[in-house]
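Let's take a friendly tour of a protein model, one region at a time. Keep the structure open beside you as you read.

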Amino acid sequence: MSDPTASPMTSTELDFALAAYTEDGVWTVTPLVLRGEPDLSALVSALRRYPGESGVIGMISVDEDFFVLVRVDGGRARLLMSDVTAATEWPLAKQVVDELDIPLAEDDDEQVPAGDLAIVADLGMTAMDLGALIDDVDLYPEEMLEEIAEALGFANQFHEAIEAIG
């Protein structure tokens, strides 16, 4: 933040946004096209367009800083954000915190996840394993999402979708 007059909220730099879903037991992972500043409601709406026997999972990595997992199943959207302190800096993270109805983190708070750690427990990654993964401060958000994709069984499709974006 070189501009001292700039707002603490900066525009969101997406590393990537993906949708993952299963049809007939086969995973499909595709890049999500989001126009302009990523917005939680637009993201959920975009995910609702995809089919999926177990709902659709949105995987969003922001500026190598944090990730958001969104799982849309029917009319319900479940959320998990890797770092609650990101809400002080990123508009998308603030929207997630608001939707979860949790207080905004203080600047000196620890980086902890916010939301539903059991978001993909029925698909192959327990809340405990997901929490342990997010606690690994040496991993970038993309690496964490890659491990989630691996645990759920769609690592190859995840890599192909990332390559298609880059």
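Helices (H or I, at least four residues) and strands (E, at least two) are DSSP runs, numbered from the N terminus. With those labels in hand, you can find Glu 64 in the loop between S3 and S4. Keep in mind that this is a predicted model.

**The loop between S3 and S4**

Asp 63 also lies in the loop between S3 and S4. Most residues other than glycine have a negative phi.

| Residue | Phi | Relative accessibility |
|---|---|---|
| Asp 63 | near 45° | 37%, partly exposed |
| Glu 64 | near 55° | 52%, exposed |

Why does Glu 64 count as exposed? Its relative accessibility is 52%, and exposed means over 50%.

**The sheet**

Now look at the strands on either side of that loop. In which order do the strands of the open sheet run? Six strands form this sheet, and the order is S2-S1-S3-S4-S5-S6, with antiparallel pairing. At the edges are strand S2 (26-31) and strand S6 (114-115), each of which pairs on one side only. Seven bridges join S1 and S3 in the antiparallel sense. For an example, go to Phe 16, whose bridge partner in S3 is Ser 61.

In soluble globular proteins, nonpolar side chains tend to be buried together. In this model the largest nonpolar core has 28 residues, and those touching the most other members are Leu 40, Leu 47, Ile 60, Phe 66, Val 68 and Val 70. Among the elements that give two or more residues to this core are strand S1 (14-23), helix H1 (40-48) and helix H2 (91-100). H1 provides the largest share, five residues.

What does Leu 40 contact beyond its neighbours within four places in sequence? Its partners are Val 70, Leu 79, Leu 92, Gln 95, Val 96 and Glu 99. A second, separate core has 27 residues, including Trp 27, Leu 133, Phe 158 and Ala 161.

**The largest pocket**

The largest pocket holds about 250 Å³ of space. Its lining has 14 residues, and Gln 111, Ile 134, Val 137, Leu 139 and Met 144 are the closest to the pocket's centre. By type, the lining residues are seven nonpolar, two polar and five charged.

**An exposed glycine**

Finally, find Gly 166 in the segment after helix H5 (155-165). Gly 166 is exposed, because its relative accessible area is 94%. Although Gly 166 and Asp 15 are 151 residues apart along the chain, their C-alpha atoms are separated by 9.5 Å.

Methods: Residues numbered from 1 in each chain as written. Predicted model: local features only at pLDDT ≥ 70, side-chain atom pairs only at ≥ 80, totals over all residues. Heavy atoms only, no water. Core = buried A, V, L, I, M, F, W, Y, C linked by side-chain atoms within 4.5 Å. Buried < 20%, exposed > 50% of the residue type's maximum accessible area, 1.4 Å probe, protein only. Contact = heavy atoms within 4.5 Å. 1 Å grid on protein atoms, 1.4 Å probe; cavity = no way out; pocket = protein on both sides within 12 Å on 5 of 7 lines; lining within 4 Å. Points joined across faces, edges and corners; volume = space filled by probe spheres on them. Nonpolar A, V, L, I, M, F, W, Y, C, P; charged D, E, K, R; others polar. Pairing = 2+ DSSP bridges.
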